[in-house]
Amino acid sequence: SGVMETSNDQSMVGVQNYLEKAAQNLKPIVPIKFHISSRTDAGVHALSNSAHLDIQRAPGKPAFNEKQLLYSLNYHLKPEPIRILNAYRVTDSFHARFSALSRTYIYRILMGCTHYSEIPVFERDLCWAPAGGYLNVPAMQDAAQFLLGTHDFSTFRSLNSETPFQSPVRTILQADIRPSSGFLSQHYEHRRLEFWEFKFRSRSFLYRQVRRMVGALVAVGQGKLTPHHIKELLEIKDSRAFPSNAMAPPSGLFLKSVEY
């Protein structure tokens, strides 16, 4: 239901709520707050997100070491599809969100499906199978080159409450489209399904920027746009100019890593 904390009156519960509930079992003096690096939306996955937290223990109690913290939190997260992978002690000046040097996202596309019912059951909600079967990959790769570098990405962001306070200028350090493998795909090679991965790296991204970039590139792959249209969309600098219904769904998007 998204990574960010939701309030009690909302039916959806964010990953942050589960983390903070698990952390309360550590019996801190002050409730533990997680400050999360990347605010992934509902339906988006994270292979490795990061957060920082402060723990104040009762007087005379020793500080937790990394392993204790890891095992304790995971024990209380057991029923949920959430795991702590690592814990590190950091300086007081460290901030999970603002200290990040870059973030890497991957988006998984499945080609060769003529109908959504052909998506392998073990891949459901973990990829996007765009309508119309196969895509023109070389055209998408050409189009992706226009996204590299520093640009005003106004056309490629969805509007939200932070929009007026955020610069639309971002620097895309990497924009690759490469063949990939599916879960157990060697067992259904006869079905001629192809997995491809879009990989984007930047210090930070605008709201839904990656999903819009992927959607526009897929439109190029479907022949609805030309590679040069991507350059034109960048130059227009207006989120309303983005093609309607072209945004990629959240299911194929994964936050791969946050680099410090």
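This is a predicted model: local features need pLDDT of at least 70, side-chain atom pairs count only at pLDDT 80 or more; totals for chains, interfaces and linings use all residues.
Local features were taken at pLDDT of at least 70 and side-chain atom pairs at pLDDT 80 or more, whereas totals for chains, interfaces and linings use all residues. Residues are numbered from 1 along each chain as its sequence is written, and side-chain values use heavy atoms, with hydrogens and water left out.

Rings of Phe, Tyr and Trp (its six-membered ring) were paired if their centres lie within 6.5 Å, with planes under 30 degrees apart counted as stacked, over 60 as edge-to-face and the rest as tilted. By this rule, the count is 6 aromatic pairs. One of them joins Phe 153 to Phe 156 in an edge-to-face arrangement, at 6.3 Å centre to centre and with 70 degrees between the planes. Phe 156 also forms an edge-to-face pair with Phe 242, at 6.0 Å centre to centre and 70 degrees between the planes. Phe 156 lies in the loop between strand S5 (149-152) and strand S6 (169-180) and Phe 242 in the loop between helix H5 (227-236) and strand S8 (253-259), so this pair ties together parts that are 86 residues apart in sequence. Helices (H or I, at least four residues) and strands (E, at least two) are DSSP runs, numbered from the N terminus.

A charge sits over a ring if NZ of Lys or CZ of Arg is within 6 Å of the ring centre and within 35 degrees of the ring normal. The charged end of Arg 57 is placed over the ring of Phe 64, 3.9 Å from its centre, and that of Arg 191 over the ring of Tyr 188, 5.7 Å from its centre.
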